[in-house]
Amino acid sequence: MVGYLDKHHVAMITTLASLRRAAIICGVLPTAWLFLFYFLPLGTILIRAFDASILIDVLGNSGVRSVLWFTLWQATLSTALTLIVAFPITWACSQWNFTGKRFIVALVTVPFVLPTVIVAGAIRAVLPESLNSGVVGILFAHVIFNVAIVLRIVGARWQQEHPNTVAASRTLGATAWNTFSLITWPMIRSAVGNAVGIIFVFCFTSFGIIRILGGPRYSTIEVEIFIRAVQLGDTSVATALVVLQLVVVGLVLGLTMPRSLTPLKIVTYRPSWISDYPRQQKLVRSSVFATVLFVGTPFLVMFINSFRVDNNWSLSPWRHLFDGTLSPMGVNISKALGNSVLFASITVLITVPLALCLASISAYSTTHTARRLIAIVASAPLATSAVALGLGMIITFDQSPIDWRSHWFLLVSAHCTIALPLALRSLTAPLQSIPLSMRDSARILGASPLQTWWYVDIAIIRRPLLVAAGLSAAVSLGEFGATSFLTRTGNETIPTTIARLLGRPGDVVQSSGYALASLFVLLVIGAMINA
Amino acid sequence: MLEVCNMNVVLGGVSIVQDFSIQVLTGSTTALVGPSGSGKTTILQAICGVIPLASGSVLYDGIDITEQPIHQRKIGMVFQNSDLFSHFSVARNIAFGLRFVSPRLSPEMIAERVQELLRLIGMEKFGDRHINDLSGGEQRRIALARAIAPRPHLLLLDEPFSALDSTLRWRLIDDVRDILIATRTTVLLVTHDPHEAEALATRTVAIAPPSNPLK
Amino acid sequence: MKKCGIALILVSTLGLSACSSGDTTSSPKSVRLLAYDAFTPEPEIFSSFTKETGINVVVSLGGDTGTLVSKALLTAGNPEADVLWGVDNTFISRAIEGKLFDSYKQVDTAAVCVNYDKSFFTDAGISAPTTLDDLALSTYKDMLVIQNPVTSSPGLAFMLATIAKFGLNGWEQYWRDLRSNGVKIVDDWTSAYTVEFSGSSGKGKYPLVVSYGSSPPAEVVYSDPPVTEPPTAVIEQTCFEQVEYAGILRGTKESKNAEKLIEFLTGKIFQESMPLTLFVLPINPNAILPEVFTKFAVIPKNPLTLGAADIASNRSAWLDTWTNIMLR
């Protein structure tokens with residue numbers, strides 16, 4: 001008994017010592033990264049170009065005020081509509097089991113990992129021309145893009161409601177609605193708030209969707225930043241807008257971030273098979289059907305349109321992708337594909353280890369403050385204009401030895417910074433849910449700290465690691481804001497190529513754009529089903 | 001009087017309850033005794049409407065309630081676990097059903113009734129306490145008081161004492177018997193313990209182990 | 001700490017390899033030409049240059065004129081190409097202020113004018129408008145499609161034309177009138193001319209469009225089946241003068257070769273090819289214009305114009321005003 005205790009004791013001490021060393025290494029890497037590729041570029045713009053008097057001028061400009069107003073109301077309306085559209089499918093998937101559920105969840109998640117340009121393109125394909133550039137398309141695209149966020153965040157929480165709690169409420173005389181509002185709602189409220197915050201921020205800083213579907217009239221602050229900085233070369237007004245956006249988004253995220261960061265319980269109650277409940281079956285079926293119709297139709301129409309030229313069926317849009325017809329327009333599919341894959345792979349290789357470092361510190365740290373600090377610092381890129389980050393990078397890394405302006409690595413580093421919050425989010429909760437005792441047992445059984453980390457932590461979070469990698473790759477493949485800033489001739493990616501094709505008139509060229517987008521959607525669906 | 005006729009329940013393609021029939025007389029306490037896996041919990045859930053019947057019917061006082069929505073059946077149930085609303089105080093848990101049964105009750109009348117029930121279960125001072133701060137035995141008492149509060153026609157008890165240690169369990173069984181008699185509640189009780197059934201019930205019905213093994 | 005150091009070394013070597021790989025692509029025998037998206041010269045036009053000098057020309061396209069200039073300005077002194085084609089008189093002051101060029105030269109001129117669909121007006125039995133004022137008349141309600149001046153250079157030129165014509169006191173009212181007269185605004189020239197305009201390939205709904213003085217000959221050259229008369233014509237009094245420049249980007253390591261390329265771009269061969277490929281007018285007095293061009297292009301004698309410095313100092317404010325009147 002004494003020997004055992006001693007061994008345990010020694011194990012604990014060495015664990016602590018090596019933990020401290022590991023924590024330092026783990027902490028330095030992401031901190032250095034965020035400093036170099038987030039705080040430094042952003043700080044540089046603020047120092048060089050921010051001027052409070054310009055901010056006041058900008059706020060006094062009625063044009064800017066109307067952009068701000070549009071940004072606010074479209075984000076609010078998009079968020080509300082997303083909640084309404086996502087509610088039935090979230091209920092169906094979190095409360096019931098049915099055949100093909102995993103496929104449905106994957107399908108609804110596809111738009112979220114797709115480049116916004118493709119979502120916008122699909123919306124353009126499905127809407128009649130009269131609605132082609134306007135609010136309807138923007139809202140439609142935002143809803144399709146964000147349904148998955150509600151499904152994932154709210155669904156995860158809702159699954160943890162014990163069926164007995166609901167049943168007890170019903171037997172006490174509460175209607176289904178009373179039960180939802182009095183029992184279920186208080187439980188999922190913070191998750192809904194969290195989802196609302198994230199969706200609002202995505203819609204508020206929307207860029208690719210507005211660029212393609214907004215026409216000349218509709219512009220968000222993010223688009224305005226781009227127009228001012230890139231097309232008009234007016235950096236000071238652009239910077240004032242960056243600050244304005246940062247303040248609004250920071251406020252929203254601050255208000256909606258869950259107050260307690262308690263992770264979800266590991267247990268979820270296995271939902272009942274819907275086929276046993278004939279009365280609810282219709283509701284579940286119609287929820288699933290409506291959602292799949294709503295989310296899937298644009299992509300289906302886009303796919304069909306990729307075979308249509310001048311109202312006839314034709315394979316030429318697909319052929320043109322590969323036979324060089326489009327190269328005079330600066331379109332080179334294989335190069336764009338190669339670039340996309342290269343950038344995405346490097347983004348994954350950098351982002352996932354950085355996120356793992358931060359998540360490990362967060363999981364091993366015992367204080368709430370440390371966890372909160374990591375959550376806030378690492379979420380910051382989510383709140384920041386990607387366009388601003390691109391702008392900041394260009395004016396920061398302009399002197400030797402860090403003159404990287406024209407190098408593709410800068411583009412990739414922007415992708416990594418933007419992907420970090422999402423990757424971190426998918427790793428933190430699983431790592432935090434590993435009980436310390438499990439690691440201690442491994443140590444007592446003779447595993448070195450490194451072995452413990454490998455055989456316990458990494459083994460348990462293998463799936464979340466895959467999710468983090470997938471999300472990072474998706475961010476890199478789809479990023480449009482910083483990319484349109486940092487991209488150089490020869491660095492075209494699939495999204496910039498699709499945007500170029502869709503921006504060109506001519507039936508065949510448009511259809512080629514749809515073909516390329518469809519090809520990409522098929523690749524993503526394939527990857528998601530395989531994973 | 002509750003009558004269950006030829007009840008069949010199928011869940012996930014597996015037949016859980018086969019041709020089950022029972023009658024519970026008004027004012028009586030009937031115990032359903034059987035080994036685990038014999039579908040006792042499922043029977044109770046099917047009676048109160050939480051789980052649908054594959055075939056058969058549930059009648060109350062001669063009226064077929066098989067298709068009636070759960071909240072209109074006036075059948076209360078105390079579950080094995082996890083049925084308390086942890087975001088409410090003890091008092092709000094007990095008051096929960098009252099407002100649906102008699103919407104015109106004033107807050108004062110509700111508070112009075114809650115206090116009366118708290119007295120009945122011997123927990124007068126617990127009204128403002130948080131559910132998560134209570135012990136297992138205390139939680140079962142609250143669940144019982146809550147289920148009795150709206151004066152259901154029938155109360156279903158699903159292994160109410162299974163998670164408790166034996167001293168506590170026997171004390172609670174005595175208390176519950178007194179409460180049930182005092183409130184003249186009709187009860188259908190499910191348990192795997194014949195002694196428990198004997199101590200509480202006026203009638204005991206044994207249920208056969210499942211004819212086809214489930215796993 | 002060691003790992004951090006390794007990471008930094010890794011990062012900086014990636015950066016260094018960037019520089020060195022950048023150098024190798026621009027071998028002494030090639031020169032990089034950066035141009036706007038609409039730069040579509042004759043495909044083999046540079047082969048005679050290569051034959052003569054042994055220098056390859058690598059062309060890359062970098063977006064519309066505004067984006068091209070803004071991005072180039074952000075990397076001024078460390079250019080991604082050697083020669084930049086296509087800064088026009090609305091942007092040249094900014095390029096000069098930002099010390100973008102070592103040297104620059106005028107390469108072509110063009111006129112941005114309102115074009116109209118001839119058969120539409122014959123069929124409708126009304127005469128085509130002849131002045132900017134006419135466009136605001138109710139006779140021509142819902143007929144004009146223009147480009148957003150924020151995102152398009154012909155759009156900007158047309159806005160400047162109205163300022164040149166109506167002055168600082170009158171142009172805002174003119175645009176309010178145009179707005180209530182149902183003017184359609186799109187993002188770029190291609191969607192305006194080839195999609196919304198009724199007189200060209202798109203067969204859209206609008207018989208009036210902001211385009212170029214050289215658009216009618218283009219209709220003849222690209223017509224299929226061939227036609228001898230363009231289906232469109234130009235309203236000469238609406239024309240605004242556009243001048244385009246090409247320059248050697250400051251910081252290039254190929255300035256000798258870049259100079260040779262500029263020489264070629266302003267030389268007779270290239271200048272004579274421009275009218276039918278880029279639809280702009282040569283500035284080389286020795287260049288001979290093709291017949292279809294002399295016959296159908298409108299070369300305005302007294303185009304509307306504004307000084308480059310005037311444009312540079314007011315462009316942002318004017319665009320803000322315009323956006324507030326037209327889009328908000």
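Predicted model: local features only at pLDDT ≥ 70, side-chain atom pairs only at ≥ 80, totals over all residues.
1. Let's start with who touches whom. Two pairs of chains touch, and chains A and C have the most contacts of the two. Chain B and chain C have no contact joining them. Their closest C-alpha atoms are 46 Å apart, against a contact cut-off of 7 Å between C-beta atoms.

2. Now for the meeting of chains A and B. On the chain B side 23 residues take part, and they are in contact with 18 residues of chain A. Three elements of chain B each put in at least two residues: strand 1 (2-11), strand 6 (75-78) and helix 3 (98-101). Strand 6 of chain B gives the most, with three residues.

3. What is the make-up, by class, of the side of chain B that touches chain A? There are 14 nonpolar residues there, along with seven polar and two charged ones.

4. Strand 1 pairs with strand 2 (residues 14-24) of chain B in the antiparallel sense, over seven bridges. Strand 1 also pairs with strand 4 (residues 55-60) of chain B, again in the antiparallel sense, over five bridges.

5. B:Leu11 stands opposite B:Val14 of strand 2, and B:Glu3 stands opposite B:Leu59 of strand 4. The hairpin of strands 1 and 2 of chain B has two residues between the strands, and B:Gly12 takes a positive phi near 55° in this hairpin.

6. Over to chain C, which is divided into two domains. Domain 1 is made of 28-109 + 242-296, and domain 2 of 111-241 + 299-326, so each is listed as two segments under the assignment used. The centres of the two domains, taken over C-alpha atoms, are separated by 26 Å.

7. Where do the two domains of chain C meet? From domain 1, 19 residues are in contact with 24 residues of domain 2. The elements giving two or more residues to the domain 1 side are helix 4 (92-97), strand 8 (232-249), helix 11 (268-277) and helix 12 (291-296) of chain C. By class, this side of domain 1 divides into 10 nonpolar, six polar and three charged residues.

Conventions. Residues numbered from 1 in each chain as written. Chains lettered and ligands numbered in written order. Helix = DSSP H or I, 4+ residues; strand = E, 2+ residues; numbered from the N terminus. Nonpolar A, V, L, I, M, F, W, Y, C, P; charged D, E, K, R; others polar. Pairing = 2+ DSSP bridges.
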